[in-house]
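Me: Could you walk me through one part of this fold in detail, something tucked away inside it? I'd like to know what surrounds that part and what sits just past its end.

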Amino acid sequence: MDDVAILGGLFAIAFVAATILPAQSEAALVGLLVAGTHSPVVLVTVASLGNVLGAVVNWALGRGVERFRDRKWFPVSNFSLDRATRWYRKWGRWSLLLSWAPIGGDALTVAAGVLREPLWSFVVLVMIAKTARYIVLAVATLGVIA
């Protein structure tokens, strides 16, 4: 498989993992790190960009939540969205530093859109959170196999 296909696949999995479909971007990243065929910096960068752009989709859905909230495909249940919105109102934009979390992270990114978080601050905080998660995962993976 060529580099474009591998990196494109990692980007796509990371993107989807942050949106409405279930995907395991962490497993894909670990597999590629263990294979050792690509730079860990490149892999973390590609996964981070894909995951952040997927979160931007959630933010955009949040901006139009009232139109889409009851649709079957909407990525967050009413309960999760209400809980995330309460959390977001309490802690503000800094709660986006938890956007990496497997439970509740996606709901926070939707809540940020609902509550009209500016896109620039949303992207900065989500990029920090999601990149840090992938860096920790890469360091842990490479430390175990080294």
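Reply: **A close look at one helix**

Let's take H6, where Gly 105, Ala 107, Leu 108, Thr 109, Val 110, Ala 111, Ala 112 and Gly 113 are buried. Buried here means under 20% relative accessible area, while exposed means over 50% and partly exposed anything in between, all with a 1.4 Å probe and protein chains only. That makes eight buried residues out of ten, so H6 is mostly covered. The helix names come from DSSP runs (H or I, at least four residues; strands are E, at least two), numbered from the N terminus.

Quick housekeeping: this is a predicted model, with local features needing pLDDT of at least 70, side-chain atom pairs counting only at pLDDT 80 or more, and totals for chains, interfaces and linings using all residues. Residues are numbered from 1 along each chain as its sequence is written, and side-chain values use heavy atoms, with hydrogens and water left out. As for pLDDT, that's the predictor's confidence in each residue, from 0 to 100. The chain averages 90, and 97% of its residues reach 70 or more. Where pLDDT is low, the predicted coordinates should not be read in detail.

Back to H6. Its cover includes helix H3 (40-63), helix H5 (78-91) and H7. Thr 109 has a relative accessible area of 1%, so it counts as buried. Leaving out residues up to four places away in sequence, Thr 109 touches Ala 55, Asn 58, Trp 59, Leu 96, Ser 99, Phe 122 and Val 126; a contact is a pair of heavy atoms within 4.5 Å.

Two of those neighbours turn up again among the aromatics. Rings of Phe, Tyr and Trp (its six-membered ring) pair if their centres lie within 6.5 Å; planes under 30 degrees apart are stacked, over 60 edge-to-face, and the rest tilted. The structure has three such pairs. One of them joins Phe 11 to Phe 15, stacked, at 6.5 Å centre to centre with 20 degrees between the planes. Both of these Phe residues belong to helix H1, four residues apart, or about one turn of the helix. Phe 11 is partly exposed at 30% relative accessibility, and Phe 15 is partly exposed too, at 26%. Another pair is Trp 59 with Phe 122, tilted, with centres 6.2 Å apart and 40 degrees between the planes. Trp 59 is in helix H3 and Phe 122 in helix H7, so this pair ties together parts 63 residues apart in sequence. Trp 59 is buried at 12% relative accessibility, and Phe 122 is buried at 0%.

Now step off the end of H6. Just after this helix, Arg 116 takes a positive phi of about 65 degrees, although Arg 116 is not a glycine. Arg 116 is in the loop between H6 and H7, and it is partly exposed, with a relative accessible area of 45%.

Side chains of opposite charge can pair when their charged atoms come close. There are two by this rule. In one, Glu 117 meets Arg 93 at 2.8 Å, N to O. Glu 117 is in the loop between H6 and H7 and Arg 93 in the loop between H5 and H6, so the bridge ties together parts 24 residues apart in sequence. Glu 117 is buried at 6%, whereas Arg 93 is partly exposed at 33%. In the other, Arg 133 and Glu 26 meet at 3.2 Å, N to O. That one links distant parts of the chain, with Arg 133 in helix H7 and Glu 26 in helix H2, 107 residues apart. Arg 133 counts as buried at 15%, and Glu 26 as partly exposed at 27%.

One last stop is H7 (residues 119-145), which holds Ile 128. Ile 128 is partly exposed at 47% relative accessibility. Together with Trp 94, Leu 97, Trp 120 and Val 124, Ile 128 forms a nonpolar surface patch of about 570 Å² accessible area.  Patches take residues with over 30% relative accessible area and no salt bridge, joining like charges within 9 Å and nonpolar side chains (Val, Leu, Ile, Met, Phe, Trp, Tyr) within 5 Å. The areas come from the Shrake-Rupley method with a 1.4 Å probe, and for residues only the protein chains shown count as cover.

Methods. A salt bridge is a side-chain nitrogen of Lys or Arg within 4 Å of a carboxyl oxygen of Asp or Glu.
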